[in-house]
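Here is a walk through one structure, strand by strand and then ring by ring. Have the model open as you read.

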Amino acid sequence: MLRRSLGFSIFLAATISCARDDTASAHPRKGSADPDDGVAPRPAVISPVSQPYKVVAVAGGGAINGTVDFEGSPPIYQVVQPTTDQKVCGNSIVTKNVALSGTRVAGAVVWLTDIRSGKGFPLERRFELTNDGCTLDPFVQVISTNGTLNVSNDDRALHTNKFINVGTGQVAGLAPFNDDGEVVPVDRFKEPAEIEVVCEQHPWTHAWIAVLDHPYYAQTAANGTFTIDGVPAGKYRIRAWHPSLGFVDDSVTVAAGQSTNIAFRIQKAAPAAPTTQPSPDSTRAPASTPAVPILPTASSTSPTASSTPPAGP
């Protein structure tokens, strides 16, 4: 009887231990009053929605074809000099967060900000984010709400990726890594939001995620072009955004079964000279003062670029 009770106790302890293992997926901090767990809310390029998106049949949907250009001096890359994990990170990192082909911007996110009904989502709703050389790849991407973001680690180093809702300042989740080859699925993005990703151990590390609750979005190709199809006929507000350059808004009218063209031009002044940022000894990422611009301010945007996001996503 004693042996049976002892065996049950060991099984129960193991079961509780497994149930408490919350490192299998990204998770929010619970019961912590540490102010560093969040940051102050900031202006976000994606606002809370006024009503949920509805999937409806779209007959004779149109298409939006366009380009995104950057006007002004190209951004100056930032040079980071790590003071920890040099064997993995190297002695210097050049943060090449913007890819330009002439004036064309690659990787810019373009989406309709006020559409509330239309086509359904693609069947594949898995996305990727990788820790590689103490940076995050891709630097910017767009994902769907209720999708899964597979965060992986290619570095033989400790990383703790923190996902911050820019509009609320709240930490949406954590993705901890102890070694290379690990993958952490993140499925906590239920509402439209602009998400900043930082690493607690390497404060220069940043990535940006646009989370949208509808499928009418695209990212520009290497030549700065994009296409959004299956759009119901009507007039819409549309936005183009790159976290290192800024954003610009416009309107577009889509006719049934027709294609329409639009050209975005983001304008923002670049720093006068390169900057070098040594890695601080702190293990927490200063998400409130990132190494790259968050949003354009009123003084740094052109008159055509809005500094106040619209009410839609």
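Let's start at a turn: in the hairpin of β9 and β10, two residues sit between the strands, and Gly133 takes a positive phi near 65°. Strands here are DSSP runs of E with at least two residues, numbered from the N terminus. This is a predicted model, where local features need pLDDT of at least 70, side-chain atom pairs count only at pLDDT 80 or more, and totals for chains, interfaces and linings use all residues. Residues are numbered from 1 along each chain as its sequence is written, and side-chain values use heavy atoms, leaving out hydrogens and water.

Strand β9 (residues 126-132) runs parallel to β12 over six bridges, with Arg126 opposite Thr148. With β10 (residues 135-137), β9 pairs in the antiparallel sense over three bridges, and Asn131 stands opposite Leu136 there. (Two strands pair if DSSP finds at least two bridges between them.)

Thr145 is buried, with a relative accessible area of 4%; buried means under 20% with a 1.4 Å probe, protein chains only. Leaving aside residues up to four places away in sequence, Thr145 touches Arg125, Phe189, Lys190, Glu191, Pro192, Val211, Leu212 and Asp213, contact being heavy atoms within 4.5 Å.

Arg125 turns up again over the face of Phe121, at 4.2 Å from the ring centre. That label requires CZ of Arg or NZ of Lys within 6 Å of the ring centre and within 35 degrees of the ring normal.

Technical notes. Buried < 20%, exposed > 50% of the residue type's maximum accessible area, 1.4 Å probe, protein only. Helix = DSSP H or I, 4+ residues; strand = E, 2+ residues; numbered from the N terminus.
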